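Q: Could you walk me through how to read a pair of packed helices and a nonpolar core?

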Amino acid sequence: MPHSTQLYQHVPESRWPIVYSPRYNITFMGLEKLHPFDAGKWGKVINFLKEEKLLTDSMLVEAREASEEDLLVVHTRRYLNELKRKVLRPLRTQTGGTIMVGGGFHHCSSDRGGGFCAYADITLAIKFLFDRVEGISRATIIDLDAHQGNGHERDFMEDKRVYIMDVYNRHIYPGDRFAKQAIRRKVELEWGTEDEEYLGKVEQHVEKALREYLPDVVVYNAGTDILEGDRLGGLAISPGGIVKRDELVFRVVRGHQVPILMVTSGGYQKRTARIIADSILNLHNLGLIGPPSRDVSAQSSDSPLLPPAVP
């Protein structure tokens with residue numbers, strides 16, 4: 001029997017499938033200023049959407065903090081005991097938000113963190129769906145962060161219910177050869193890949209992935225670290241290219257009548273918040289996201305104040 005959790009809640013029809021909490025934004029004795037990640041980007045995205053009159057606070061779904069019992073669905077108690085730090089509360093709230101509808105901490109697996117990721121929220125979300133939602137027994141992860149998603153790949157290495165497509169810069173962190181064995185559709189990119197090549201490959205391979213394995217749900221890891229000028233991503237995708245990428249993924253997935261959960265993952269420049277907001281506005285204007293009845297969700301996460309590897 002699944003354990004009792006406070007993460008699921010009734011969502012009124014008046015609310016959008018956008019999960020957020022002010023606690024996502026990290027402030028810890030000024031340390032956030034020393035990190036390349038924009039630790040307040042989630043609040044900025046929401047503020048941009050408010051300025052555009054797309055939503056108000058009353059339309060958002062409030063994320064709840066994942067409890068230790070929730071996290072033990074994937075993580076070992078020993079690993080969690082090593083993470084007893086107050087700074088991690090925002091990450092637990094982001095993880096809770098991912099589970100509710102489905103962060104983007106894709107370098108974290110059940111027994112170890114890495115790449116600024118402390119909790120395996122993608123793994124947790126899928127395991128919660130499998131255990132608690134009738135009719136969901138097949139999932140696809142479409143990971144378009146600039147980095148290989150080695151955390152969820154390690155977690156689902158032997159699980160044939162989960163199909164993983166990963167598109168990433170082959171030359172950067174983490175270079176996890178073992179984890180690559182779990183990728184069923186692998187697209188490795190070169191330094192400086194630009195819009196035309198990138199968007200062509202994304203559209204082609206997302207369509208092929210869904211034809212090869214039609215899931216009950218798609219988890220889309222929509223990292224913005226593919227943006228030109230991102231020192232950690234090493235790719236050269238324009239702001240418009242990122243907006244178009246998200247549109248392509250949603251069009252193809254929705255065309256197959258599959259629910260999609262979007263998490264915003266990595267992105268290490270101040271301008272990424274505006275790009276994420278523009279993408280959400282574009283998806284709304286095209287009718288690809290809307291009321292909860294459409295089964296589409298947008299969320300956030302990937303990185304905050306942790307060192308490149310967590311013990």
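A: Axes are lines fitted to C-alpha atoms, for helices over the stretch in contact, with angles from 0 to 180 degrees between N-to-C directions. Helices are DSSP runs (H or I, at least four residues), as are strands (E, at least two), numbered from the N terminus. This is a predicted model, where local features need pLDDT of at least 70, side-chain atom pairs count only at pLDDT 80 or more, and totals for chains, interfaces and linings use all residues. Residues are numbered from 1 along each chain, and side-chain values use heavy atoms, leaving out hydrogens and water.

Q: At what angle do the axes of helix 9 and helix 10 cross?

A: Roughly 40°, and the axes of helix 9 (residues 239-255) and helix 10 (residues 272-285) come within 9 Å. Helix 9 is therefore oblique to helix 10 (under 35 degrees is roughly parallel, over 145 roughly antiparallel, 65 to 115 roughly perpendicular, the rest oblique).

Q: Which residues touch the most other members of the largest nonpolar core?

A: Such a core joins buried (under 20% relative accessible area) Ala, Val, Leu, Ile, Met, Phe, Trp, Tyr and Cys residues through side-chain atoms within 4.5 Å. Here, among 56 residues, they are Ile142, Leu144, Tyr198, Tyr220 and Val249. Helix 10 gives the most to this core, seven residues.

Q: Is Gly267 buried or exposed?

A: Gly267 is buried, at 0% relative accessible area, in the loop between strand 7 (260-263) and helix 10.

Technical notes:
Buried < 20%, exposed > 50% of the residue type's maximum accessible area, 1.4 Å probe, protein only.
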